[in-house]
Amino acid sequence: MTVVSDKAAELIERDPALPDHFLVLERRESFGDYARDYGDTIAEHYENRGVIVVPHVPIRFDLKFFQGLEFPPEMKKIGTANGLERSVVRRDDRKLTVDAEHPLVALFGNMSMAAYVQAQIASFDGQLRTGLAQLFPHYCSLAEGNITWRLTETVQEGLHLDVFDGGRPLSPHLKSLHRVKVFINIDAEPRRWRTSRDLPQLLGTCRDVLPAELPDDLNVLNDVLDKLGVLEDQPCHKVAYPTMSGVIVNAEVVAHEVVYGKRMVAAEFICGRHDMLDPTRHTHAALAGWLKQAGYRTASDAAAFAARYAKLRGSYQKIREARGT
Ligand SMILES: [Fe+2]
């Protein structure tokens with residue numbers, strides 16, 4: 001294994017068998033400084049299926065306090081979509097009451113604690129929203145999907161491409177959206193990841209072990225690639241990103257794995273394809289071409305294709321079963 005001697009050497013161990021897909025930014029103290037100094041390079045690298053490492057995410061909040069918090073495993077991916085950020089106080093006309101259904105009230109059973117954590121989360125998320133708009137100024141339709149607060153230990157989840165909704169076919173609306181994903185380590189320890197080939201590279205490399213016909217549906221395809229185990233033996237770069245550093249990568253199209261991590265904020269945003277610097281790089285628009293280029297026929301019915309593999313287990317499930325968890 002060659003360790004490249006640059007400023008990122010502490011963070012990244014590159015595998016020479018793979019293209020170097022990292023863009024490591026120099027530390028800046030505000031999102032505006034990153035935006036001014038890097039301009040469109042950030043969105044361009046993202047759309048090219050690269051991995052952007054942000055050495056310091058300039059968000060102010062009570063980091064020390066959060067490094068003492070842990071959510072139970074059943075709250076592993078709780079986020080704004082679950083009401084994590086909404087006020088813990090509910091107003092009915094002129095009456096203010098504690099919202100007993102708020103996930104933080106239910107978790108802590110303590111109003112002061114729930115209110116403090118909620119306020120910190122809301123502040124962090126607000127800074128992140130503003131910051132992302134600065135880092136991706138062309139994405140005018142950028143909208144939030146979810147910001148999850150993963151204050152739960154993750155150990156070896158299996159190399160994968162992100163899958164949603166159990167690997168069901170995507171709706172035309174979801175296929176029209178470009179996904180922006182950001183991962184920020186808020187733990188005291190570095191978060192350790194492996195990253196590997198992107199989807200078009202995987203389709204080429206795995207041509208001989210995959211069916212000759214594959215669906216033009218990213219979600220179904222990613223789920224089946226995982227179930228067929230073709231990602232298990234892929235070479236990988238290693239990344240260890242420290243406290244308050246972040247990784248920006250389109251995890252639906254770049255293979256990745258959390259090897260170890262305890263506390264992270266993961267933000268998922270979406271924007272219209274037309275806002276991309278290069279809409280032809282839109283994952284869902286490009287997939288048919290990637291399949292053709294790698295020599296696959298396109299399966300006509302994505303749902304029927306998914307049903308064929310429905311009973312197979314995914315890598316994460318296999319790992320958990322092997323661990324007995
Ligand atoms: Fe993932």
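Which residues is isoleucine 52 in contact with, leaving aside its neighbours within four places in sequence? The legends below take that up in a predicted model.

**View 1. Isoleucine 52 and its surroundings.** Once neighbours within four places in sequence are set aside, isoleucine 52 is in contact with Leu23, Leu25, Ile42, His45, Tyr46, Ile248 and Val249. Ile248 and Val249 turn up again in the next view, together with Ile52 itself.

**View 2. The largest nonpolar core, with 69 residues.** The members that touch the most other members are Ile52, Ile184, Val247, Ile248, Val249 and Val265.

**View 3. Helix α1 against helix α5.** Here residues 31-38 (α1) pack on residues 111-135 (α5), with the axes 9 Å apart and at an angle of about 10 degrees. Angles under 35 degrees count as roughly parallel, so that is how α1 and α5 run relative to each other. On the α1 side, look for Phe31, Gly32, Tyr34 and Ala35; they meet Thr130, Gly131, Gln134 and Leu135 of α5. It's an even split by type: 4 nonpolar and 4 polar residues, and no charged ones.

**View 4. An open sheet of 5 strands.** Reading across, the order goes β1-β11-β9-β13-β7, and the pairing is antiparallel. β1 (12-13) and β7 (154-155) sit at the edges with a single partner strand each, so one side of each has no neighbour in the sheet.

**View 5. Where β7 meets β13.** Strand β13 covers residues 254-261 and pairs with β7 in the antiparallel sense, over 2 bridges.

Definitions and conventions
Residues are numbered from 1 along each chain as its sequence is written. This is a predicted model: local features need pLDDT of at least 70, side-chain atom pairs count only at pLDDT 80 or more; totals for chains, interfaces and linings use all residues. Two strands pair if DSSP finds at least two bridges between them. Helices (H or I, at least four residues) and strands (E, at least two) are DSSP runs, numbered from the N terminus. Axes are lines fitted to C-alpha atoms, for helices over the stretch in contact, and angles run from 0 to 180 degrees between N-to-C directions. Angles under 35 degrees count as roughly parallel, over 145 as roughly antiparallel, 65 to 115 as roughly perpendicular and the rest as oblique. Two residues are in contact if their C-beta atoms, placed from the backbone, lie within 7 Å. Ala, Val, Leu, Ile, Met, Phe, Trp, Tyr, Cys and Pro count as nonpolar, Asp, Glu, Lys and Arg as charged, and the others, Gly among them, as polar. A nonpolar core is a set of buried Ala, Val, Leu, Ile, Met, Phe, Trp, Tyr and Cys residues joined through C-beta atoms within 7 Å. A residue is buried if 20 or more other C-beta atoms lie within 10 Å of its own, exposed if 12 or fewer, and partly exposed in between; C-beta atoms are placed from the backbone.
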